[in-house]
Amino acid sequence: MTLTDYLDDWLEGQRLRLQPVTLDAYRQTLACYVTPVLGDIALDALAPGQLELLYADLLDHGGRNGRPLALRTIPYVHALVRKALSH
């Protein structure tokens, strides 16, 4: 199972627990920042270092047109990934 497959399943499981606007924000955040880079990685092959590199890259180039991403967005992305993976 890839990370994208897992996150899709996790989001579907959250559908009854979350308000639609929250679920949409989660889905958009993961689709924008996480799955394009790490989505094809097998879940059991995902390593913490890959996530750290993702966050560093987002910080430097994750914004619009390759500009730096807002500092507060990185902890939000991390919290969401952590929430999904700890489930």
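A salt bridge is a side-chain nitrogen of Lys or Arg within 4 Å of a carboxyl oxygen of Asp or Glu. In this predicted model, local features need pLDDT of at least 70 and side-chain atom pairs count only at pLDDT 80 or more, while totals for chains, interfaces and linings use all residues. Residues are numbered from 1 along each chain as its sequence is written, and side-chain values use heavy atoms, leaving out hydrogens and water.

Searching the whole structure turns up one salt bridge. R15 and E12 form a salt bridge, with their closest N and O atoms 2.8 Å apart. The table shows how accessible these partners are; buried means under 20% relative accessible area, exposed over 50%, and partly exposed in between (1.4 Å probe, protein chains only).

| Residue | Relative accessibility | Class |
|---|---|---|
| R15 | 46% | partly exposed |
| E12 | 43% | partly exposed |

Now take a look at helix α2. Helices are DSSP runs (H or I, at least four residues), numbered from the N terminus. Helix α2 covers residues 20-38. Its buried residues are L23, Y26, T29, L30, Y33, V34 and L38, and they pack against α1 (3-14), α3 (48-61) and α4 (73-86), where contact means heavy atoms within 4.5 Å.

Finally, the structure holds one aromatic pair. The ring centres of W10 and Y26 lie 6.1 Å apart with planes at 15°, so the pair is stacked. Rings of Phe, Tyr and Trp (its six-membered ring) pair if their centres lie within 6.5 Å; planes under 30 degrees apart count as stacked, over 60 as edge-to-face and the rest as tilted. The pair links distant parts of the chain, with W10 in helix α1 and Y26 in helix α2, 16 residues apart. Both W10 and Y26 are buried.

How values were computed: Helices (H or I, at least four residues) and strands (E, at least two) are DSSP runs, numbered from the N terminus. The expected span of a helix is 1.5 Å times one less than its number of residues.
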